[in-house]
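Keep the structure open beside you as you read.

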Amino acid sequence: MILVTGGAGFIGANFILDWLAQSDEPVINLDKLTYAGNLQNLASLEGDSRHIFVHGDINDQQKIANLFRQYHPRAIIHFAAESHVDRSIHEPEAFIQTNIVGTFRLLDTTYRYWKEQKGEIQHGFRFLHVSTDEVYGSLSKDAPAFTETHPYQPNSPYSASKASSDQLVRAYHHTYGLPTLITNCSNNYGAFQFPEKLIPLMIVNALVGKPLPVYGDGQQIRDWLYVKDHCSAIRRVLQAGMPGETYNIGGWNEKPNIEIVHIICNLLSELHPADYHKLIKYVVDRPGHDRRYAIDARKIERDLGWKPVETFETGIRKTVKWYLDNQDWVANIQSGEYRKWIESHYQEY
Ligand code: NAD
């Protein structure tokens, strides 16, 4: 049994679907169902007893302690977070409460549980904290990509809150010996991503003829990884990572934002013909917008033998097709239909 937090969100849901496609080991999914949590992402698991959904907050130590007592998970994969940089600029408090305080409470409850375990169970236990490359700050154009020893220089309330949570996880290993693992991954894209993030926002807006807003000069560089490759990396780190270590995860796919938008327009023109490029609209830049992130993924490749399967070209094609084939999913999110769906499918809420 493993415990996943934030499993109704974008990456967490992809992770659970992949996990249960490859293993019969059950998953407890603890999720608060914020605006970003959507149980429809997991609709294909309806009636599958290997997925145990629990509606709850990582700040609720009593609930987490009860889950430990009831299910005895052998590992925690911690995805739950407030994850959108723009929201963190306008309303940072939720980021502090979930990403910092929530991670602390989850760690503290986990530590108490872990301490009571004995022998192999205690030795084999893992707390895997899922984090971001944004904790490292911004890179100049020609600087080498972030390695695991790059200093932390977070620039937004989001990245500062994730950086703080990483440091707490590190401290629980260093001080108390909790067998933790940290992964810092580049930008993800793929199915089930909430349409506030760059790639789904562009696809969804383009399909209804809305402007495609591009911040500043559009030359901000991000490193992109297909979400299923992120999930396979997390599985690999859980299986073979060394407790106390950090692993950077990335796909060696640096691209300026404007190039991403053009790629999406080109793919849409091919799959759903119309002139999408004319919708591109430059807007005032995000305050403090980092210019470049780039991940050096050599450690995970060398030490754990992990490599991504998708190139950006294959992954983005799959993603655009998924949004074209799942316009109901988008419409439900936009109309709030999925809240009604949750209420009708999960009576306890
Ligand atoms: P998301 O916003 O899509 O999902 C977050 C999930 O966490 C939601 O289901 C939400 O309901 C849940 N949640 C929020 N607050 C909670 C709380 N207090 N208690 C319990 N559940 C709560 O996020 P995502 O894009 O899937 O990201 C998942 C993790 O991966 C985050 O920790 C994020 O920092 C990290 N990450 C994301 C990316 C990316 O490109 N999306 C890249 C690297 C790392």
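Start at Gln-122, which, apart from its neighbours within four places in sequence, is in contact with Trp-114 and Gln-117; contact here asks for C-beta atoms, placed from the backbone, within 7 Å of each other. Gln-122 belongs to helix α5, residues 119-124. Helices here are DSSP runs of H or I with at least four residues, strands are runs of E with at least two, and both are numbered from the N terminus. Gln-122 counts as partly exposed because it has 14 C-beta neighbours inside 10 Å. On that scale, 20 or more other C-beta atoms within 10 Å of a residue's own make it buried, 12 or fewer make it exposed, and partly exposed lies in between, with C-beta atoms placed from the backbone. Between the C-alpha atoms of Gln-122 and Leu-178, which are 56 residues apart along the chain, the separation is 9.3 Å.

A word on what you are looking at: the model is predicted, so local features need pLDDT of at least 70 and side-chain atom pairs count only at pLDDT 80 or more, while totals for chains, interfaces and linings use all residues. Residue numbers start from 1 along each chain as its sequence is written.

Now turn to the sheet. Seven strands make up an open sheet with parallel pairing, in the order β3-β2-β1-β4-β5-β6-β10; a pair needs at least two DSSP bridges between the strands. At the edges stand β3 (51-55) and β10, and because each has a single partner strand, one side of each is left without a neighbour in the sheet. On average, neighbouring strands of this sheet are turned by 20 degrees against each other, direction ignored; the axes behind such angles are lines fitted to C-alpha atoms, for helices over the stretch in contact, and angles run from 0 to 180 degrees between N-to-C directions.

Which residues cover the two faces of β2? Val-27, Asn-29 and Asp-31 lie on one side and Ile-28 and Leu-30 on the other, all buried. Strand β2 (residues 27-31) is largely enclosed by the rest of the structure, because five of its five residues are buried. Its parallel partner β1 (residues 2-5) is joined to β2 by four bridges, and Thr-5 stands opposite Leu-30. Elsewhere in the sheet, four bridges link β6 (residues 180-185) to β10, again running parallel, with Ile-182 opposite Thr-246 of β10.

Most residues other than glycine have a negative phi. His-72, in the loop between α2 (61-71) and β4 (75-78), has a positive phi near 50 degrees. His-72 is exposed, since 12 other C-beta atoms lie within 10 Å. Trp-252 has a positive phi too, near 55 degrees, and sits in the loop between β10 (246-249) and β11 (254-256). With 19 C-beta neighbours inside 10 Å, Trp-252 is partly exposed.

Finally, the ligand is surrounded by 31 residues, the closest being Gly-6, Gly-9, Ala-36, Gly-37 and Ala-81; a residue qualifies if its C-beta atom, placed from the backbone, lies within 6 Å. Elements giving two or more residues to this shell are α1 (10-22), α4 (93-116), β5 (126-132) and β7 (187-189). By class, the shell has twelve nonpolar, 14 polar and five charged residues.

Notes
Ala, Val, Leu, Ile, Met, Phe, Trp, Tyr, Cys and Pro count as nonpolar, Asp, Glu, Lys and Arg as charged, and the others, Gly among them, as polar. Two residues are in contact if their C-beta atoms, placed from the backbone, lie within 7 Å.
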